[in-house]
Amino acid sequence: MAESIPKTKDNPQPPERAAGHLALLAGAPAFSEPLHVGRPNIGNRQDFEDRVRDILDRRWLTNGGRYVDEFERRIAGYSGVEHCILMSNATMALELAIRALGLSQEVIVPSFTFIATAHVLQWQAITPVFCDINPDTHTLDPGQIEKMITPRTTAIVGVHLWGHACDTQAIETIARRHGLKVLYDAAHAFGGSHLGRKIGGFGDCEIFSFHATKFINSFEGGAVVTNHAVLAEKLRMMRNFGFTTYDDVGQLGINAKMTEICAAMGLTSLEAMDEIVAVNRRNWEAYREGLAALPGISLMEYDPTERHNYHYVVLEVDPEIAPLNRDELLAVLHAENVLARRYFWPGCHRMEPYRSLYPDAHVSLPQTERVAERVLTLPTGQAITPEIIRVVCDIIRAATENAQEVRRLMRKTSAA
Ligand code: T4K
């Protein structure tokens, strides 16, 4: 059993609020404490504490160990792949996978993603060639990929954003045609399926994140999953300085090992997986009901024929139709202590070093730019209840119904 949610200041319970009573217009915020988007799911504390005690008793803290081994086996088993190589975080996992696959020169990647996906390439002197997305799925648009391929292209990195799988069939057909490697940043997608198969076994390898803010968390953590034994062996060496035996180093390596305590948290979190999915799904459905029929505001759907972790509640605000645009709505929510986030605005290509290095990248990214201006992610997870969601939805409804007044006040505040 995952822990129940105590009514503490970390899990604020909303007061009753009259519709139209917005903090921006008058009065106190709806929530006395901030409602975060990435509040971690904890799982069974007793099981975690028992594991920590065992780790301390056995004095085996890192460099492999019982819990890392078990977490690796369980991730591989769940994802239906032969090999799982745990790492200190998904950024290191991506970086090592890119190096182990021998990528160089140019790699095609979306710009609408967390900055780590681009940084791991640039960090290794590989040019991230930003490719546009499909506005319906927010993942790479296969129709745009071939336009970005040059003789220097070595790979395609797809991102299963929000847990929605990329069009793997189209991507892999293109990759085969041009002799490119394929890897997937599946940081958001653990527990999901695609074409009836578990996410994890697509492309040359896939990368999961187990960061605190993710569906399954190990405080910090990540993994490469793959069916390629040689690649797996190389990655195991690379994450441990390249050691092959106690005394010999067979290749260049680094320290990207996961600790035992992180694996203990990961296992505890994994054991609560079904409950977390159920809560995430319940929350997503509560938002869908609460936000139904609001002009220009839509909740991103999950494909009902596949498995999902329902970890992200993604709102799209169409500025042509909605009475308030995304940023105005964000300001309203923040005034109420609802710390919604505009992931992944403004797109990697609009952040450094990319905006200086590739100032024309935006020309081929019209959908990325459009989507980045519309998206808002809302708080969910085990710290969020349907009662809280009802208040968040009431705030959004009240804001859109009082849009003129909200705008007038915002202008007044920014002029002051
Ligand atoms: N690829 C993709 C597609 C990714 O989204 C990510 C990470 C990666 C690769 C790289 O994975 P890792 O190397 O991190 O394993 C957060 C996470 O730090 C990041 O892991 C995640 N994506 C990204 C989407 O979200 P920030 O900059 O938004 O973090 P921060 O500190 O603002 O926290 C987010 C919210 O969560 C805040 O409202 C506070 C709350 N929070 C956070 C932590 C850490 C808590 O309530 N408790 C906590 O312990 O990046």
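Colleague: What makes you say that strand 6 and strand 9 pair?

Modeller: This is a predicted model, and in it residues 181–185 and residues 205–209 share three bridges, in the parallel sense. Two strands pair if DSSP finds at least two bridges between them, so strands 6 and 9 qualify. Among the partners, aspartate 185 is bridged to isoleucine 207 in strand 9.

Colleague: And which elements does helix 6 touch?

Modeller: Helix 6, residues 168–178, packs on the sheet against strand 5 (153–159) and strand 6, and its direction makes about 150° with that of strand 6.

Colleague: What is the strand order in the sheet?

Modeller: It goes 2-10-9-6-5-3-4, seven strands with mixed pairing, and the sheet is open.

Colleague: Why are strand 2 and strand 4 said to stand at the edges?

Modeller: Strand 2 (83–87) and strand 4 (127–131) each have a single partner strand, so one side of each is left without a neighbour in the sheet. From one strand to the next, the twist averages 25°.

Colleague: Where does helix 7 lie?

Modeller: Helix 7 (residues 229–238) lies across strand 2, strand 9 and strand 10 (222–226), at about 20° to strand 2.

Conventions. Residues numbered from 1 in each chain as written. Predicted model: local features only at pLDDT ≥ 70, side-chain atom pairs only at ≥ 80, totals over all residues. Heavy atoms only, no water. Helix = DSSP H or I, 4+ residues; strand = E, 2+ residues; numbered from the N terminus. Axes fitted to C-alpha atoms, helices over the stretch in contact; angles between N-to-C directions. Contact = heavy atoms within 4.5 Å.
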